[in-house]
Amino acid sequence: ALVIIGGNGSQKGAYALFQKGFPVVGIASTIDNDLYGSDITLGVDTAMNIALEAIDRIKVTASSHHRAFLVEVMGRNCGYIALMSGIAGGAEAIIIPEVQSSPESLALELRDAYARGKAHAIVVVAEGAYWNAERLIHHFRQFKEQLGFELRETKLGHVQRGGTPGVADRLLGTYFGAFAIEQIESNNFGVLVGKQKGVLTATPLSVVVSSKKELDLSEFKLATILAE
């Protein structure tokens, strides 16, 4: 049997092999956390901690220079990393693909923060959002008067894909690996090993590749409340 560790593309490949009669078991692993069949995927926690460390470091500079920073994080078309690291990092605003945004609404949030006496502002931006860091910087260079802060941009990029795995990911990888072997021993092939509602699960790859994982937008509402 073959154990295939990866995200959407890898699991589509796993399903194609399974359809040809090859015994495969998938393990949910992608920092984007956009794979159906697992509430949390392998690598996400470590990537978020790397993003959070960067946000904390940038916040020190932002505060001392009284600036706003756009911190762009990875995640493809999913805003999970941006949303969670933004909440944990106390961001003044979060831009994700799943929620419509505009430079004008962001400018209003930053002006409000400035009016409340904030010495800095951190905006966490998902790379997959239409108004990503590059587009926002370009817009505000033309309309500087919309902001109360001087604006800077930092793209974390592939820095998030490196680093030493944290405890949560080491344990999750161990659990996923052991559960994958159990599926092989039980001849339960063509499934994705994941974790849903705190329980290890084996979801048919046919369901995984044909389904879309939705982001819990109640977390975004929480982020909005916390930023006020």
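**Exercise 1: A patch on the surface**

Leu2, Leu17 and Phe22 make a nonpolar surface patch of about 240 Å² in this predicted model.

*Solution.* 

**Exercise 2: Reading a sheet**

Find the open sheet of 4 strands, and work out the strand order. Which strands are at the edges? Which helix packs on the sheet?

*Solution.* 
- Step 1. The order is β4-β5-β3-β6, and the pairing is parallel.
- Step 2. The edge strands, β4 (93-95) and β6 (150-155), each pair on one side only.
- Step 3. From one strand to the next, the twist averages 20°.
- Step 4. Ala68, for example, has Leu151 in β6 as its bridge partner.
- Step 5. The helix is α5 (residues 133-142), which packs on the sheet and touches β3, β5 (121-126) and β6. The direction of α5 makes about 160° with that of β6.

A word of background: strands of a sheet pair through backbone hydrogen bonds, either parallel or antiparallel.

**Exercise 3: Pairs of opposite charge**

Side chains of opposite charge can pair when their charged atoms come close. How many salt bridges does the structure hold? Describe the pairs Arg76 with Asp34, Glu53 with Arg57, and Glu134 with Lys155.

*Solution.* 
- Step 1. The structure holds 5 salt bridges.
- Step 2. Arg76 and Asp34 meet through their side chains at 3.0 Å, N to O. Arg76 is in the loop between β3 and α3 (80-88), while Asp34 is in the loop between β2 and α2 (44-65), so this pair ties together parts 42 residues apart in sequence. Asp34 is buried, at 16% relative accessible area, whereas Arg76 is partly exposed, at 42%.
- Step 3. Asp34 and Arg76 also belong to a network of salt bridges that includes Asp32.
- Step 4. In the salt bridge of Glu53 with Arg57, the closest N and O atoms are 3.1 Å apart. Both residues are in helix α2; because they are 4 residues apart, about one helical turn separates them. Glu53 is partly exposed at 43%, and Arg57 is exposed at 57%.
- Step 5. For Glu134 and Lys155, the closest N and O atoms are 3.8 Å apart. This pair links distant parts of the chain, with Glu134 in helix α5 and Lys155 in strand β6, 21 residues apart. Glu134 is exposed, with 52% relative accessible area, and Lys155 is partly exposed, with 45%.

**Exercise 4: The whole chain**

Step back and describe the protein chain overall: how many helices and strands are there, and what percentage of the residues is buried?

*Solution.* 
- Step 1. The protein chain has 8 helices and 8 strands.
- Step 2. Of its 228 residues, 44% are buried.
- Step 3. The C-alpha trace spans about 65 × 30 × 30 Å along its principal axes.
- Step 4. The chain exposes about 11400 Å², of which carbon and sulfur atoms supply 54%.

Methods: Residues are numbered from 1 along each chain as its sequence is written. This is a predicted model: local features need pLDDT of at least 70, side-chain atom pairs count only at pLDDT 80 or more; totals for chains, interfaces and linings use all residues. Side-chain values use heavy atoms; hydrogens and water are left out. Patches are made of residues with over 30% relative accessible area and no salt bridge: like charges are joined within 9 Å, nonpolar side chains (Val, Leu, Ile, Met, Phe, Trp, Tyr) within 5 Å. Accessible areas come from the Shrake-Rupley method with a 1.4 Å probe; for residues, only the protein chains shown count as cover. A salt bridge is a side-chain nitrogen of Lys or Arg within 4 Å of a carboxyl oxygen of Asp or Glu. Two strands pair if DSSP finds at least two bridges between them. Helices (H or I, at least four residues) and strands (E, at least two) are DSSP runs, numbered from the N terminus. Axes are lines fitted to C-alpha atoms, for helices over the stretch in contact, and angles run from 0 to 180 degrees between N-to-C directions. Contact means heavy atoms within 4.5 Å. Buried means under 20% relative accessible area, exposed over 50%, partly exposed in between (1.4 Å probe, protein chains only).
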